[in-house]
There are 2 protein chains.
Amino acid sequence: MKKHLPLLLLFLSAVFTWFIPHSEQLTPEAWHLFVIFIFSVIAVILNILPIITASLFALAFSLLTNALTPKAAFAGFGEDFILLIVMAFLIARGVIKSGLGKRIAFLIIERFGKTSLGLAYSLIAADLLIAPAFPSNTARSGVLFPLVNSLAHDSDSKVADGTRKKLGAYLMMSSMAGLTLSSALWLSAMAANPVGVAIAKEFGVVISYGSWFLGAIMPISILFILIPLLLYKIYPPQIKATPDAPAIAREALNKMGRVGKNEWIMGFIFLSMVSLWALSGALGINKTAVAALGLALLMAADIFTIEDMKHEGLALETFVWFAILYSMSIQLGELGFMSYLGGAISHAIGGLSWQSTYLLLVLLYVLIHYFFVSQSAHMLALFGLFLEVGIHAGVPGELLALMLLFATNFNAIITPQGSSANVIYIGSGYITPLEVYRIGGAVTLLNTFVFLSIGTFWVLFLF
Amino acid sequence: MKKHLPLLLLFLSAVFTWFIPHSEQLTPEAWHLFVIFIFSVIAVILNILPIITASLFALAFSLLTNALTPKAAFAGFGEDFILLIVMAFLIARGVIKSGLGKRIAFLIIERFGKTSLGLAYSLIAADLLIAPAFPSNTARSGVLFPLVNSLAHDSDSKVADGTRKKLGAYLMMSSMAGLTLSSALWLSAMAANPVGVAIAKEFGVVISYGSWFLGAIMPISILFILIPLLLYKIYPPQIKATPDAPAIAREALNKMGRVGKNEWIMGFIFLSMVSLWALSGALGINKTAVAALGLALLMAADIFTIEDMKHEGLALETFVWFAILYSMSIQLGELGFMSYLGGAISHAIGGLSWQSTYLLLVLLYVLIHYFFVSQSAHMLALFGLFLEVGIHAGVPGELLALMLLFATNFNAIITPQGSSANVIYIGSGYITPLEVYRIGGAVTLLNTFVFLSIGTFWVLFLF
């Protein structure tokens, strides 16, 4: 019963908030949906409910109170990028099972495995380098995740036996944080980036592939150095120095011998998938279809089997909570809540100097991501609005546009649902949603600080 | 390699069929989607691929060839009744885990457990009796399934240790077959039934609650007796007579002692859910919202835990293949394939006597269910068309209307995807999709035979 007291208090607070008089600009549905959404998030942050339970309650309440229509409430389940996450997750199991994951992990350990820190740096570096070819950070996490997962597994850090914190949790969080950097570094590294550039153009702000990269390279170089160190402090791996690891990896590689049949098949399927994902925009191919084909081939080749599928309940759990929160967040936008919030903010900060306006706008843009379950939705809902408010107050257009677009990416780790890339990592069980709120929040703080300080001066110096 | 030869042959046949010249009334997309759909079904029937693999291939091919748009291909995942299946499935685990399932199972065994046959009869009888209060056979299967599952578990017939055929498989198949009867017996036992009655009215055929029941009671009484016997022959349980079971159950009940806390909570949640499901139509409540609330409460009460969720990969598998096949079947309708098929049939059977027309129409209506992944979609697509053709050829309207509406229900076990009720049983692993094609096909044959013979004379005699 003790455990259920905070739940009861939270529920009563939600009921109380429900009946607070709200602005007339908001429909009752918008207000009610907001109350349900925000209290679900609070339940997770305060560790009162696991994210799946909070999401199921949110779904039930918003349907039973007609804050959501069934069609809108279940729309997220039919979003292809969410299914891409689920399938990429299952494919990652195939990478491990085939033995290919083990081999690549050993090759990385042989090279960089003397310290956990070295492994984290090598993972993020790899991400930064492949990012320009991946116009979707979801697809990119589908490539990186199996690697990180294999590295953890083969360092005897597993979820099932309670050793996730030995190494796996640290590496997963590092790679998740790395994705915020790789997506912010290249115009072509995240689906919404080019859309943002197009919107900026409507305000007379022209951002080229080169100017984006130049603007981002300085703060991101600094963050590339700082983030693994920060996580090493606040989310430390239990294994730190592993001086013998490279030798052990070399031995293990020798023992593994030549590349086996399943590894060849897995490697072929995986490389084909990666190529098709990278070319999907140009060829007009659906990324989820590519993943479905890859998974079907893995199953036909008995690399990922029906028997394996039975143990993938976490993929279902992740699918369900993410789809629910995504649907709710999209509806908050549709019902006008997001633009109301944006309008209220722009009203509140009127009359300040452009420097203060700039700082406040970027800070608020970052924090508002607590409400969004998609980087693209956030950008589409608020980027134009914030840009207009800022330019109107005298903030240099290029500076503000670049910084808001960078922020669209570097704030992605602020919540578990903040990016679909996060979801695939959390689905592994190595990282809990609550840890993302805490540790991911700290990373977002560091990202924001570096971008707003050094990043701002760098952009002003450049252009 | 040997294993992959049939797959290659099937693939080549599909490619060949793809390029066969087809009627100009069909768009290329409709033809292509049909080819992909039908060859996926064949792959499962011939045991070349498991249903999940076949479905993933079908999804990938239909997207990559533009036979389906992404929106249409993924629509099934956002259908609330499909999510209802997933949630009902997880809730059923809670029924077992709480101990309540065990207790009720023992009570049933104590009463009817001397033979496996007796258990099968008692399950179907229970279904027939509760059916009029459940306007959704999906929701009803959500009530029955946990019971059947508990009965199997507590008779030491489990999926994990390879003993599913001892008793569980037989009981599950019996209950699935029973659902075809209970849905056909009452106008209010399946969502599409009242819709069909409304359509019939447009043709001047008035069907009342009473005339529906009277028309169905005779063939269904006979099938109620025959079906458990048929399954006993062709899909026998390994345990047949269990003369000591009632005594053992009584002893186990004594050992269980008084109803525990978790059982009370589970019982309360379950009864509330069942009541809300039964009243959902009248109160305008979304059934899936009710299930989500029930599941969330079970999780908050630690009856169904995150740890349990990890092992529910089969629920994910079932969700994925069913949603894919459902989306494809709906699109076959949208693209005009179904009405083309109906038109071709009515054209082909023109000029026959009304008796032959009647027989052919009902038989075709039953067989066409191979293409449908929803009883409602089947009824909506073809009932009116078939009724028109038949009445035009002189078939008595009331006879044909009743029989086609009965068939909408009694053909539901012809394929694994033929009814959402099937899906929840198959998701347990006790029954394989291939077995449904074989054994469910035999049950459908028996259903059709009894309805077309005795059922026809009975209806003609009555009205």
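Contact here means heavy atoms within 4.5 Å. The model is predicted: local features need pLDDT of at least 70, side-chain atom pairs count only at pLDDT 80 or more, and totals for chains, interfaces and linings use all residues. Residues are numbered from 1 along each chain as its sequence is written, chains are lettered from A and ligands numbered from 1 in the order in which they are written, and side-chain values use heavy atoms, leaving out hydrogens and water.

**View 1. Chain B meets chain A through a shared surface.** Of the interface residues of chain B, 100% are also interface residues in chain A, so the copies meet through the same surface. In contact are 48 residues of chain B and 48 residues of chain A. Chain B superposes on chain A by a rotation of 180 degrees, with 0.0 Å of shift along the axis and an RMSD of 0.0 Å (least squares on the C-alpha atoms of residues with pLDDT of at least 70 in both copies). The two copies are thus related as by a two-fold rotation axis.

**View 2. The buried area between chain B and chain A.** About 3900 Å² is buried between the chains, 81% of it on carbon and sulfur atoms (accessible area, 1.4 Å probe, that two parts lose on being put together, summed over both). B:Phe74, B:Lys310 and B:Leu316 supply 15% of the area that chain B buries against chain A, more than any other three residues. Elements giving two or more residues to this side of chain B include helix 1 (4-19), helix 5 (80-98) and helix 16 (313-334) (helices are DSSP runs of H or I, at least four residues, and strands are runs of E, at least two, numbered from the N terminus).

**View 3. Salt bridges across the interface of chain B and chain A.** The rule finds 0 salt bridges here (a side-chain nitrogen of Lys or Arg within 4 Å of a carboxyl oxygen of Asp or Glu).

**View 4. B:Phe34 and B:Phe337 form a stacked aromatic pair.** The structure holds 49 aromatic pairs over all chains (ring centres of Phe, Tyr or Trp, its six-membered ring, within 6.5 Å; planes under 30 degrees apart are stacked, over 60 edge-to-face, the rest tilted). In this pair the rings lie 4.5 Å centre to centre, with 20 degrees between the planes. B:Phe34 lies in helix 2 (residues 28-45) of chain B and B:Phe337 in helix 17 (residues 337-348) of chain B, so the pair ties together parts 303 residues apart in sequence.

**View 5. A:Asn47 has a positive phi.** The angle is about 60 degrees, although A:Asn47 is not a glycine. A:Asn47 sits in the loop between helix 2 (28-45) and helix 3 (51-64) of chain A.
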